Amino acid sequence: MRICMIAEGSYPYITGGVSSWIHSVINQMPEHEFIIYAIGAQSKQKGIYKYKLPANVVEIKEVFLDTYLDEEGSWGKRFRLTKEQTESIRSLLGSGEVDWGQLFDVLRTKKFEIAADFLSSKDYFDILEELCRNQYSLVPFTEMFWTVRSMILPLFLTIRHDVPKADIYHSVSTGYAGVIGALAKHLHGAPLVLTEHGIYSREREEEIIKADWVKGYFKDLWIEYFYTLSGCAYQSADKIVTLFNRNKEIQIELGCEESKISIIPNGVNIDNFANITQAPDDGIIRIGAVVRVVPIKDIKTMLQSFALVKQEIPNAELTIMGPTEEDESYYQECLQLVDALGVQDVLFTGEVQVKDYLGQMDILLLTSISEGQPLAVLEGMACGKPFVTTNVGSCKELLNGVNDGIGQAGFISPVMNYEPMALNIIKLCKSKALREEMGRNALERVSIHYKHHEVISSYKQLYASLEEVNRWPESALS
């Protein structure tokens with residue numbers, strides 16, 4: 001069977017939880033062929049992979065969202081769209097019910113050569129002028145024009161790319177990856193699986209609320225746009241997988257049909273961590289975090305927490321293990337914060353083999369603003385290490401369990417609040433017995449509830465169940 005895995009902003013360009021998950025699934029299913037449809041942020045990433053592609057990857061298609069910067073359309077044309085075609089564009093911009101099949105067809109039409117031609121046309125101008133008049137009458141039209149253009153042009157460009165044929169399409173998020181999954185189903189008639197590790201639309205909303213580059217009166221427009229993209233994937237997917245029950249509840253709140261959703265948690269192979277080197281008994285309290293240095297991981301709260309810990313526990317060290325080049329400016333801000341706080345014994349390792357470090361840690365941290373079910377936490381638990389995490393994703397469920405009779409594996413702290421985080425870290429620093437007890441609980445919980453081989457088995461069964469799904473008639477455009 002040939003499976004097309006559609007990933008946005010992750011595999012194979014970036015390491016981390018989702019990318020590791022994709023790599024593992026492909027490696028563990030050598031009986032299937034995989035196509036990687038990789039949606040990257042920047043064209044400079046082309047061909048630069050953080051992973052050696054497995055032998056059963058037969059094709060990789062790369063699409064980059066920044067290519068819209070190179071598109072210059074011909075101004076002022078009129079393409080004589082039908083009423084239905086016009087309505088499909090209007091609904092995308094105006095928060096209506098989008099007919100995605102109609103939208104795909106109009107955006108892939110041969111009437112215009114490039115996507116920018118349409119966004120420079122009289123047809124588009126008319127649609128946008130009506131939107132401004134009815135919903136944004138106080139917003140300057142010029143600002144509205146260029147904002148909406150920058151918002152939807154990457155989507156239009158992506159939709160106009162060809163999609164390789166496959167037996168099953170598997171989008172690993174909503175957003176652009178989810179839309180491409182829906183497009184693939186529309187073009188080729190094959191079934192679509194959606195796996196949401198985190199809730200994409202909620203994560204984009206959090207980013208936009210904090211973003212300086214989006215003016216206040218455009219924030220709602222951007223947020224609604226990403227919820228619309230997620231609705232496309234929910235509507236089109238045959239099967240939707242989420243990692244834990246709270247995510248399922250959110251998906252239903254956002255309009256996903258409950259009957260489509262199943263829960264397959266992440267898993268870890270504890271044998272991979274059985275013989276790692278343990279921390280020396282030298283009086284140093286080693287605190288670690290396996291994390292990409294990017295804003296959504298909120299490294300600044302981690303550093304502020306550690307500054308307080310250091311005042312109480314002078315023999316503590318903090319090691320931040322993970323790539324720093326994904327957002328260089330944020331990494332520099334973190335280094336500046338370390339200097340401003342005057343805190344000692346903070347090490348950014350960059351990208352490393354985490355197994356070389358995990359066993360040497362006494363306590364592990366996660367300070368993210370948003371998560372799904374972080375593999376970094378599962379791997380740390382498989383090493384028998386206690387955690388202090390923010391209350392995001394399934395962290396509370398991972399550390400406290402769900403009526404499983406196993407004790408706590410760490411402490412949960414509020415998001416973006418470094419004082420409670422620091423107090424929880426200090427509790428663990430001061431009690432070796434508590435650290436060991438919570439570490440034992442962590443190992444027991446992942447050993448029972450989060451088995452990697454069960455995850456792979458569940459996906460094999462899911463793919464097999466879709467193999468015989470009746471195909472839709474192919475679009476006339478395919």
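Modeller: In helix H2 (residues 83–94), 12 residues at 1.5 Å a residue should span 16 Å, and the end C-alpha atoms are 16 Å apart, which agrees. The expected span is 1.5 Å times one less than the number of residues, and helices are DSSP runs of H or I with at least four residues, strands being runs of E with at least two, numbered from the N terminus. This is a predicted model, in which local features need pLDDT of at least 70 and side-chain atom pairs count only at pLDDT 80 or more, while totals for chains, interfaces and linings use all residues. Residues are numbered from 1 along each chain as its sequence is written, and side-chain values use heavy atoms, with hydrogens and water left out.

Biologist: Why is Asn424 called buried?

Modeller: Asn424, which sits in helix H16 (residues 418–429), has a relative accessible area of 9%, and buried means under 20%, exposed over 50% and partly exposed in between, with a 1.4 Å probe and protein chains only; Asn424 is therefore buried.

Biologist: What does Asn424 touch, leaving aside residues up to four places away in sequence?

Modeller: With contact meaning heavy atoms within 4.5 Å, Asn424 touches Val388, Phe411, Ile412 and Ser413.

Biologist: What makes strand S1 and strand S4 a pair?

Modeller: Two strands pair if DSSP finds at least two bridges between them, and S1 (residues 2–8) and S4 (residues 168–171) have four bridges in the parallel sense. Ile3 stands opposite Ile168 in S4.
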